[in-house]
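Visitor: I am new to this structure and would like to learn how to read it. Could we go through a few of its features slowly, with the general idea before each case?

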Amino acid sequence: MRFRSQRVAYPYFAVALLLFGLQMVFGLLAAAKYLGPDPLLNVLPFDVVKAIHTNLLLVWLLTGFMGAAYYLVPEESRVELHSVRLAYVQLGIWTAMGVTAVVGYVFRWTAGNKLLEQPFPLKLVIVIVMLMFLYNLGMTIRAAGRFTTTEGVLVGGLACTALLYLPALFEFDNYTVAVFYRWWTVHLWVEGVWEMIQGALLAFLLIRLSGVDREVLEKWLYVIVGLTFISGVLGTAHHYYWIGVPRYWLPIGGFFSALEPLVFLGMAMYAYYAIRRSGLAHPNRMALHWTIGSAIFSALGAGLLGLAHTWPAVNKWTHGTLITPMHGHMAFFGAYVMIVLGMITYALPGLTGRSEDSRETAANFWSFWLQISGMFGMTMAFAAAGITQTYLERILGIGYLDTQLKLQVHFLMLVVAGILFTAGVALFLWDFFFLAGRPVAVPEREGLAAARSPAV
Amino acid sequence: MTKRAARLFFFLSTLASALIFTVLTIDSHRQFPKLTNAAAIDEHVIAGKHVWHRENCTNCHTLLGEGAYYAPDLTKITAQRGAPYLREFLKDPSKFYSEARDGRLMPTLKLTDQEIDDVIAFLGWISRIDTQGWPPRPILVRGSAVPGAATALGVPAPQAASQDPIELGRAAYNATPPGCAACHSVAPGVNIVGPTLAGLPATAAARIASPDYKGKAKDAAGYIRESIVEPNAHVLTGPTYAAGGRSLMPGDYGETLKPEQIEQIVAYLLTLR
């Protein structure tokens, strides 16, 4: 930590991690419901639990991105944040929105649109918060007059995230048209602009952790983001199968989403290159674990497992089966969860007033491996269940309910792997809240920061 | 590649992708009315869509294959079940399904009769959207569409429904032993190991009339009986049918099957016209 105002990242990370913990509770509950019977059927049915599980994921990841941006932008632009107070106000409103949404879902206050269940007033709050956030970052960068490629890609990704949320505000009478535009938000977030965010955070962490030449990494960052948009924008077509849209989306979806793994392959090669150049020398080895882990797991989960069911001839049979959560769980974990946890692990020593180089705890180490194993197990459980479901229900034509009864053993494995994963998350939280120490206001290199800050 | 070239690649590729995507989006809008049968979207369909969203249906069910995977896909449900059934079902799902038997149950939503009619209208409109042939075969809520597959799910093998000889013959044909169905399908054109028995009475008559016929049968029933008891009386050529002029079918059905069972199977096979 080089600037006083970077400390604002700490409460963002804290809120993000608390919501991450809560997401696990609802995830386990949802998995248990697959085993049935469900004693909470009339109190907290599956649809509520599932909506909360996915919404918490989106909210905590965005909270993590915001915290990461507030940590990264001052350091890249070499200036204090425009307004720390605004950042705190923003976090307050954002958290209140998140909590209201979750409580609202329990009491059946929902827009009932997958992943965009937030009722309209809360959607407006989200837009306002995003504007506050972008204003704060924009003013900071303007004051500094220094703007690196890495932070440009990060801020660009965040700005596009806000922009692409706008289609979610509209309502369409035609369900097909509604689904068409729902993907402008959901797909272009997770397979478009969020990959910009991941790429930028990856670049930042690799530059810091490996000390590799910034010019080289930033050049490849452009290439990766360029590939992301070639494959991601037209790859939206792989959500336009079988939903009442023109037929030409089928070959377009097949071709362009087949290119999507290239992006993740690019990121993995990126990480490999950085390691080759400078070795695994950085003392914050756990930050390195999460960073490299993100590059590898997103290549597997988002790249390979996405490709597994994206071809129209395959998707015709797998569309709407448990193959989708197989890909979804590992993709979100690899691409976004791990990069945020990497950023937190990297920033934490500085935020809590220690040397940036001096931390590796057993708790974080075990958290990493438990989460990796848990997520691997869950992916395998969903895969086995999804393949069996596709074969029995879609190909042989056995009824949905009869098929689900045949999948019980995989759901059992899902619950076991989910418990392992949750243990890993609990360890991460314990490490963050109880072992890492309290945040400090004084930067590690106060004098250096003051000299660099144009405000002084 | 220089950083400048990389930046140019990024801007140009993004611009080109966005441009193509925009053009295709505009063209899709041109086609939406026809593909989605948009003229049929009336106030009931719209009201039903509101019920669909308000009740958060998509977080258990899939529609057009999108949603959650905890409950069956409803894209074609109105074509499969019809409004009278769906109306009763939505009033109280527990009359139709139970957690004990099916593992899952839909909560009772306490919808008004009007809301139920609206949501059925909405689902009816959905079922007529042009989904490019998806699903490739019907997705059923419950039960098995494949003969014999239910046995694998722990349901006992089907018994003869009556004492009718044809019905008893059908049951014997599908049972193992004797295992007739393991080699002979009754579907036209499906040759498993032995030839299909679809249209057997006509085939049998044609074989007897042929100058190549070597057996003693005088009519179709006689031919079928002879083929079961004495497979070598008249041997069909084919790589999986015969070798060295001898049929590959077991030759001991005359001893393992009772005479009345053979007559029942013959009676059944004569119905495969």
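Visitor: What distance separates the centres of domain 1 of chain B and domain 2 of chain B?

Guide: Before the answer, note that this is a predicted model, in which local features need pLDDT of at least 70, side-chain atom pairs count only at pLDDT 80 or more, and totals for chains, interfaces and linings use all residues. Residues are numbered from 1 along each chain as its sequence is written, while chains are lettered from A and ligands numbered from 1 in the order in which they are written. Domain bounds come from an automatic or database domain assignment, and for chain B that assignment gives domain 1 (33-127) and domain 2 (158-269). The centres of these two domains, taken over C-alpha atoms, are 48 Å apart.

Visitor: How many helices and how many strands does chain A have?

Guide: Helices (H or I, at least four residues) and strands (E, at least two) are DSSP runs, numbered from the N terminus. Chain A has 15 helices and zero strands. Its radius of gyration, taken over C-alpha atoms, is 22 Å, close to the 23 Å that the globule rule (2.2 Å times the number of residues to the power 0.38) gives for 456 residues, so chain A is as compact as a globular protein of that length. Along its principal axes, the C-alpha trace of chain A spans about 70 × 45 × 45 Å.

Visitor: Which residues of helix 2 of chain B are buried?

Guide: A residue is buried if 20 or more other C-beta atoms lie within 10 Å of its own, exposed if 12 or fewer, and partly exposed in between, with C-beta atoms placed from the backbone. In helix 2 of chain B the buried residues are Val45(B), Gly48(B), Lys49(B), Val51(B) and Trp52(B). They cover an arc of only 160° around the axis (the arc of the directions from the helix axis to the C-beta atoms), which puts them on the same side of the helix. As a general idea, an α-helix has 3.6 residues a turn, so residues three or four places apart point the same way. What covers these buried residues includes helix 6 (175-210) of chain A together with helix 6 (113-127) of chain B.

Visitor: How many residues does each chain bring to the contact between chain A and chain B?

Guide: Two residues are in contact if their C-beta atoms, placed from the backbone, lie within 7 Å. Chain B gives 67 residues and chain A gives 60 residues. On the side of chain B that touches chain A, the largest share, 16 residues, comes from helix 1 of chain B.

Visitor: Is His327(A) buried or exposed?

Guide: His327(A) counts as buried, with 24 C-beta neighbours inside 10 Å. This residue lies in helix 11 (residues 323-351) of chain A, and, leaving aside neighbours within four places in sequence, His327(A) is in contact with Gly301(A), Leu305(A), Gly306(A), Ala308(A) and His309(A).

Visitor: Where does Trp242(A) lie?

Guide: Trp242(A) is in the loop between helix 7 (214-235) and helix 8 of chain A. Its phi is near 60°, a positive value in a residue other than glycine, and Trp242(A) is buried, with 25 other C-beta atoms within 10 Å. Arg78(A) also has a positive phi, near 55°, but Arg78(A) is partly exposed, with 18 other C-beta atoms within 10 Å.

Visitor: Which residues does a cis peptide bond join in chain B?

Guide: The cis bond joins Trp134(B) and Pro135(B), with omega about -5°.
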